[in-house]
Amino acid sequence: MATGPTGAMAEWTGRIVWWRAHHVVSCQGSSPAHPFEAVDGWHRCFAGRDALEIGPGAGRQAAALMPHCQTYTVADIVPEILALPLYQPAGRFQIHNYRTDRIGRTFGVISFWYLVHHLRADEIDDFFDFIAAHAHEGADLLFNIPGPTPPHTLLAEGPGDGRKTTPHDPARVCDTLTARGFTLRSESVQDYSSHVMHWTKPA
């Protein structure tokens with residue numbers, strides 16, 4: 001199951017097949033490789049902390065962030081991504097279901113890049129429940145969503161099937177995190193593909 005009774009194993013498997021082929025750097029276009037640099041003092045969020053990155057793909061962000069962290073864990077739906085050489089020193093967790101899967105520990109910083117607009121519309125609550133379950137008190141949360149005026153094609157490529165794109169209202173993303181006890185610290189628009197947000201879970 002992808003997200004419980006509304007998901008189907010065949011649909012989830014289809015997403016794995018899609019991302020097995022499309023996680024590579026050549027599919028990332030001109031999007032900033034290090035979007036976390038838009039967060040003032042980003043290195044302090046990661047330095048010496050236990051970090052979780054969700055949907056790490058080919059590792060454009062992980063390669064830069066891993067050396068700063070005490071430990072680094074990656075979680076993804078695609079087993080072949082988790083098997084990449086870059087991630088062998090890291091903790092690795094394959095996601096099968098955002099609603100029920102839990103890694104069994106919490107983290108001081110959680111990040112996910114170019115991921116939110118690939119979630120299905122009915123996955124937002126389950127996904128951010130997954131995030132909240134793995135953030136310990138005082139944790140930082142860094143991620144991006146598409147900018148406020150993305151090209152039409154960025155948010156209209158497909159049916160919102162978890163493979164291409166799903167239009168998500170930024171206000172709903174913010175409301176979802178606020179409801180889970182997170183506080184928005186900063187936000188910065190880099191370009192059409194990257195509206196970076198920094199949230200914290202109060203201690």
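## Ground rules

The model is predicted, so local features need pLDDT of at least 70 and side-chain atom pairs count only at pLDDT 80 or more, while totals for chains, interfaces and linings use all residues. Residues are numbered from 1 along each chain as its sequence is written, and side-chain values use heavy atoms, with hydrogens and water left out.

## Overall make-up

The protein chain has six helices and seven strands. Those labels are DSSP runs numbered from the N terminus: H or I with at least four residues for helices, E with at least two for strands. Read from the N terminus on, the order is α-α-β-α-β-α-β-β-α-β-α-β-β.

Of the 203 residues in the protein chain, 50% are buried. Here buried is under 20% relative accessible area, exposed is over 50%, and partly exposed is in between (1.4 Å probe, protein chains only). The accessible surface comes to about 8,800 Å², and carbon and sulfur atoms own 56% of that; the areas come from the Shrake-Rupley method with a 1.4 Å probe, and for residues only the protein chains shown count as cover. As for contacts (heavy atoms within 4.5 Å), take those in the protein chain with a separation of 6 or more: 69% of them link residues 24 or more positions apart.

## The sheet

All seven strands go into an open, mixed sheet, ordered S3-S2-S1-S4-S5-S7-S6. Strand S3 (91–94) and strand S6 (183–191) are the edges, each pairing on one side only. From one strand to the next, the twist averages 15°, with axes taken as lines fitted to C-alpha atoms (for helices, over the stretch in contact) and angles running from 0 to 180 degrees between N-to-C directions. Two strands count as paired if DSSP finds at least two bridges between them.

Now along the sheet. Strand S1 (residues 50–54) runs parallel to strand S2 (residues 71–76), with five bridges, and Ala-51 stands opposite Tyr-72 in S2. S1 is also parallel to S4, this time through three bridges, with Glu-53 opposite Ser-111. S4 and S5 are parallel too, joined by five bridges, and there Ser-111 has Leu-142 as its bridge partner in S5.

How many residues of strand S4 are buried? Six of the six residues in S4 (residues 107–112) are, so the strand is largely enclosed by the rest of the structure. S1 is mostly covered as well, with four of its five residues buried.

S4, helix H5 (residues 124–133) and S5 form a right-handed β-α-β unit: with the strands pointing away from the viewer, the path from the first strand over the helix to the second runs clockwise. H5 is largely enclosed too, because seven of its 10 residues are buried. Those buried residues are Ile-124, Asp-126, Phe-127, Phe-128, Phe-130, Ile-131 and Ala-132, and they pack against S1, S4, S5 and helix H6 (170–179).

## The core

In soluble globular proteins, nonpolar side chains tend to be buried together. The largest nonpolar core here has 55 residues, and Ile-54, Phe-112 and Phe-143 touch the most other members. A core is a set of buried Ala, Val, Leu, Ile, Met, Phe, Trp, Tyr and Cys residues joined through side-chain atoms within 4.5 Å.

Which residues does Phe-112 contact, leaving aside neighbours within four places in sequence? The list is Ile-54, Phe-127, Phe-128, Ile-131, Leu-141, Leu-142, Phe-143 and Asn-144.

Gly-91 lies in strand S3. With 28% relative accessibility, Gly-91 counts as partly exposed. Beyond its neighbours within four places in sequence, Gly-91 contacts Tyr-72, Thr-73 and Val-74. Gly-91 and Tyr-72 are 19 residues apart in sequence, with their C-alpha atoms 6.2 Å apart.

Pro-67 is in the loop between helix H3 (62–65) and S2. Is Pro-67 buried or exposed? Its relative accessible area is 64%, so Pro-67 is exposed. From Pro-67 to Gly-48 the separation is 19 residues in sequence and 9.2 Å in space, C-alpha to C-alpha.
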